[in-house]
Number of protein chains: 4
Amino acid sequence: MTKLSAREIEDFLRGLTKRSDGEARFLVEELTDDFARLRMPARASHLRPGDTVSGPVQMTLADTAAWTQILRNLGLDAAASVTSNLNISFLRRPLAADLVAEARLLKLGKRLAVSEIRLFSEGDPAPVAHATVTYAVQRMSERARAPEAK
Amino acid sequence: MTKLSAREIEDFLRGLTKRSDGEARFLVEELTDDFARLRMPARASHLRPGDTVSGPVQMTLADTAAWTQILRNLGLDAAASVTSNLNISFLRRPLAADLVAEARLLKLGKRLAVSEIRLFSEGDPAPVAHATVTYAVQRMSERARAPEAK
Amino acid sequence: MTKLSAREIEDFLRGLTKRSDGEARFLVEELTDDFARLRMPARASHLRPGDTVSGPVQMTLADTAAWTQILRNLGLDAAASVTSNLNISFLRRPLAADLVAEARLLKLGKRLAVSEIRLFSEGDPAPVAHATVTYAVQRMSERARAPEAK
Amino acid sequence: MTKLSAREIEDFLRGLTKRSDGEARFLVEELTDDFARLRMPARASHLRPGDTVSGPVQMTLADTAAWTQILRNLGLDAAASVTSNLNISFLRRPLAADLVAEARLLKLGKRLAVSEIRLFSEGDPAPVAHATVTYAVQRMSERARAPEAK
């Protein structure tokens, strides 16, 4: 199977998460089998009083970064995989800047995939948050086979 | 100090999280010192393909429910308290219905407050998610005193 | 299938975790399909300077309480199930007393089981810790069938 | 303040966690301000049926590795710091070999310190577990000053 490229996954995400101005919500800057870097461009609606990026936005980016690692390794066949656990530590207040996620795949099992994600504000090397995300892997091809297997 | 009522905190939240149609995003249905029940009325924008409530919306409600427990016990003086850790397990797919949070305060320390939250779809007794939320307590009155104390 | 009783599971645990003095390490005080109460009697070796129960001992009791919920519902066939995630918040210093766990089963799926556990010191109603434990369910009977299914 | 060396912290740990045979339970192999590598030599009592390292032993090593990062940066003055949250994902079954922890300090605040830890079996590059550990920082020198500050 040819694996999806960063650009292909970015296009796939764009189709799912359209912004009203047509811009991409997530940019997939780098993607290999065990590493992904995503960027969420700064935009007014993420920002709260005090000019920072809200917690839910940080959680969404961490979760999406983990999901791209499943898409990369298993293809769109596994797009229906769902988050089973998300643990996030908020470390420092993000800047009013692009939010960048660096995700590392820790495990890709038949049932569970685990990624570790650091979030950064563009231009600052100290992480603003650290997340661990577990996905329950769901493959459409297995579901189709399931009735026969039983 | 007279503690804030469910209605007062609901009004406070409404001021912070206005919906474009003017409706409240969060209803505070019950509030005592160690228990809070919040409701997030179903609305189209929360719903994803397949008609369910997205993970970030669930996390937002859990986080907000924990925050109301700090406001209840410490007043608006502690409104600047920030989430330091959030752990959430997604248990089953929510229905396309109101999302209800039941939060129990496990600890209210000088520095940290910990709440345990179960999320339900209206009309279904099986929880859709379980979260543990830790807040780093920040009190404006202490900040003001801090320079003198040092 | 007749479900295992509290006593039967206590005996099973005793066989696995023998103390040198022959006493049970864990007592299973109450066990229904969705609730378990376990007790770990105070003993010198758990205690650290300052007379309290160590963190690893608390984690072990939480993990064991979740495991009994799997044994209760799925029988010894699922004894090989393994912990996939454990999240624990330490709330207050335990007393030098028996440690009691109250576990509630949040989900029992085909692949994952999730329990929520509160830990108490005997005689004190305020919880000393709160844990969420996820098990990856492994059934021996399924493993045996697996080769045919493929 | 001169910071403690790997050897000094290893000696300090040895004094707290004596094995009956007099050997060190934890070896501190590398220690800088933001990185620590600890090793727990394989020994029979850690091993369970099936010859692996138990979950509680893994949690203990992760927790100890995070603690050495506080001792390194704040000195023995902060030795009374306590774990407030530990989240661990068990990724694969460890070998019956030395267990190695690599800890990275994500945040060292006045109140909270957060470390991210990967655990490995000696000789295998795939991590067996991943933990995030939060410590509530307690400094003896501040406690002493506290009455005056109030």
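Between chain D and chain B the count of salt bridges is 0, a salt bridge being a side-chain nitrogen of Lys or Arg within 4 Å of a carboxyl oxygen of Asp or Glu. The model is a predicted one, in which local features need pLDDT of at least 70 and side-chain atom pairs count only at pLDDT 80 or more, whereas totals for chains, interfaces and linings use all residues. Residues are numbered from 1 along each chain as its sequence is written, chains are lettered from A and ligands numbered from 1 in the order in which they are written, and side-chain values use heavy atoms, with hydrogens and water left out.

Across the interface of chain D and chain B, 2 residue pairs are in polar contact, both at pLDDT 80 or more; a polar contact is a pair of N or O atoms within 3.5 Å, where within protein one must be able to donate a hydrogen and the other to accept it, and residues adjacent in sequence count only if both atoms are side-chain atoms. On the side of chain D that touches chain B, the elements that give two or more residues are strand 5 (82-90) and helix 3 (140-149) of chain D, with the largest share, 3 residues, coming from strand 5. Helices (H or I, at least four residues) and strands (E, at least two) are DSSP runs, numbered from the N terminus. That side of chain D has 4 nonpolar, 3 polar and 4 charged residues, where Ala, Val, Leu, Ile, Met, Phe, Trp, Tyr, Cys and Pro count as nonpolar, Asp, Glu, Lys and Arg as charged, and the others, Gly among them, as polar. In contact terms (heavy atoms within 4.5 Å), 11 residues of chain D meet 11 residues of chain B. The two chains bury about 800 Å² between them, 39% of it on carbon and sulfur atoms, buried area being the accessible area (1.4 Å probe) that two parts lose on being put together, summed over both.

B:E116, in strand 7 (residues 112-121) of chain B, is buried, with a relative accessible area of 1%; buried means under 20%, exposed over 50% and partly exposed in between (1.4 Å probe, protein chains only). Beyond its neighbours within four places in sequence, B:E116 is in contact with residues including B:E102, B:R104, C:E116 and C:H130. B:E122 lies in the loop between strand 7 and strand 8 (129-136) of chain B and is partly exposed at 41% relative accessibility. Not counting residues up to four places away in sequence, B:E122 touches B:R39, B:L95, B:A97, B:D98 and B:V100.

| Residue | Partner | Distance |
|---|---|---|
| B:E116 | B:H130 | 3.1 Å |
| B:E116 | C:R118 | 2.7 Å |
| B:E122 | B:R39 | 2.9 Å |

Over all chains there are 4 aromatic pairs, rings of Phe, Tyr and Trp (its six-membered ring) being paired if their centres lie within 6.5 Å, with planes under 30 degrees apart counted as stacked, over 60 as edge-to-face and the rest as tilted. The pair of A:F12 and A:W67 is tilted because the ring centres are 5.9 Å apart and the planes stand at 40 degrees. Since A:F12 belongs to helix 1 (residues 6-16) and A:W67 to helix 2 (residues 55-74) of chain A, the pair ties together parts that are 55 residues apart in sequence. A:F12 is partly exposed at 26% relative accessible area, whereas A:W67 is buried at 14%.
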